[in-house]
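Thanks for coming. Please have a look at the model on the screen, and then I will go through it piece by piece.

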Amino acid sequence: MMKRLTLNCIVALLCLNAQACTPTSQDNATTAVAPDCMPAETAPKKDMEQDTTPLGAKALIACYPQFIKAYKNNTIVLADGRALPYDDGKAKTHEEQMDNADIEDMFAQAYDTTIWQPTKNYEPGRIRNEELMKYMYGKNANDVKKHLVGVKWFKQQLPFTCINGAADSLRAVAKDLEKLPAQFHKYFDQSSSFYWRTVRGSQRLSAHSYGMTIDICTKYSDFWRWKNPGKNESDDIVYVNRIPKEIVKIFEKHGFVSGVRWYHFDTMHFEFRPDLLKASGM
Ligand SMILES: [Zn+2]
């Protein structure tokens with residue numbers, strides 16, 4: 001029985017690695033991070049055209065070129081020819097933005113890497129448009145699984161999506177983290193990544209569903225609900241974080257946003273959102 005299980009695991013891992021990174025809607029797949037989505041100092045210089053395209057739309061086009069082709073008449077034009085509304089024009093509370101985000105809402109809060117004690121409801125990256133995410137990464141668990149590849153993560157091998165260069169970016173994160181002194185390595189034990197599920201205590205789909213998000217070791221991490229038992233999302237809460245800044249900065253360097261910077265903190269949580277970093281001037 002044990003032998004059989006081990007064999008099945010090996011076969012599953014081999015299959016995972018063999019998956020091609022082919023987006024469902026486009027033929028010209030690439031696993032590399034889009035050159036226009038590189039940090040400003042490494043990106044090729046371009047004439048800044050004067051137009052009315054919002055920063056968020058520009059960042060989406062630059063970071064996800066195989067999926068997002070243009071911004072036109074308050075819509076995002078997708079590679080499959082559809083157009084998604086950009087700004088639905090509705091005034092929303094913070095919770096309404098999270099429950100029913102249009103694409104504009106995803107950029108409502110700039111990601112500020114100087115903030116380590118977030119003020120009430122400051123949580124850039126926590127607001128996501130589900131339709132856009134599902135279009136890029138997969139509309140259900142099986143769809144997402146088609147694009148998962150194995151990424152070596154310290155003593156583990158984690159499934160991560162190769163879409164938009166996410167797996168390559170996680171590999172780059174691991175390479176940099178490995179260079180940190182040995183006392184940092186405990187933070188990466190028993191990490192987890194892909195899991196199609198809703199956010200704890202809500203109906204929203206977790207970013208883990210898309211395969212572009214990792215949770216590092218929970219033993220040294222803090223989640224706002226665990227530290228503020230009985231509190232609702234609209235209540236005032238106490239902020240706690242034990243994850244060193246060095247770790248957060250390495251993830252950010254490679255296109256990930258961190259739950260350390262969220263008022264509703266989720267300090268184990270790192271999510272691939274180069275578009276938000278780019279729209280925030282990083
Ligand atoms: Zn998480």
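**Contacts, sheets and helix packing**

Among contacts in the protein chain between residues at least 6 apart in sequence, 61% join residues at least 24 apart. Two residues count as in contact if their C-beta atoms, placed from the backbone, lie within 7 Å. Before going on: this is a predicted model, where local features need pLDDT of at least 70, side-chain atom pairs count only at pLDDT 80 or more, and totals for chains, interfaces and linings use all residues. Residues are numbered from 1 along each chain as its sequence is written.

The protein chain has nine helices and eight strands. Helices (H or I, at least four residues) and strands (E, at least two) are DSSP runs, numbered from the N terminus. Of the 282 residues in the protein chain, 39% are buried. Buried means that 20 or more other C-beta atoms lie within 10 Å of the residue's own; with 12 or fewer it is exposed, and in between partly exposed.

Tyr-71 stands opposite Ile-76 in β2. Axes here are lines fitted to C-alpha atoms, for helices over the stretch in contact, and angles run from 0 to 180 degrees between N-to-C directions.

What sits in the largest nonpolar core? It has 63 residues, and those with the most contacts inside it are Leu-60, Ile-76, Phe-160 and Ala-166. α2 gives the most to this core, with six residues. Such a core is a set of buried Ala, Val, Leu, Ile, Met, Phe, Trp, Tyr and Cys residues joined through C-beta atoms within 7 Å. Leu-60 touches Ile-68, Ile-76 and Asp-275, leaving aside residues up to four places away in sequence.

Next, the hairpin. β4 (residues 148–153) and β5 (residues 156–161) pair in the antiparallel sense over six bridges. Val-149 stands opposite Phe-160, and Val-151 has Leu-158 as its bridge partner. Two residues lie between the strands, and Phe-154 takes a positive phi near 50°.

Last, helix α8 (residues 245–253). Its buried residues are Ile-247, Val-248, Ile-250, Phe-251 and Glu-252. They pack against α6 (166–178), β7 (256–258), β8 (269–272) and α9 (274–279). How do α6 and α8 pack, at what angle and how far apart are their axes? The angle is about 150° and the axes are 9 Å apart. That makes α6 roughly antiparallel to α8; angles over 145 degrees count as such, under 35 as roughly parallel, 65 to 115 as roughly perpendicular and the rest as oblique. Val-173, Asp-176 and Leu-177 in α6 meet Ile-247, Ile-250 and Phe-251 in α8. Just after α8, Gly-255 has a positive phi of about 95°.

How values were computed: Two strands pair if DSSP finds at least two bridges between them.
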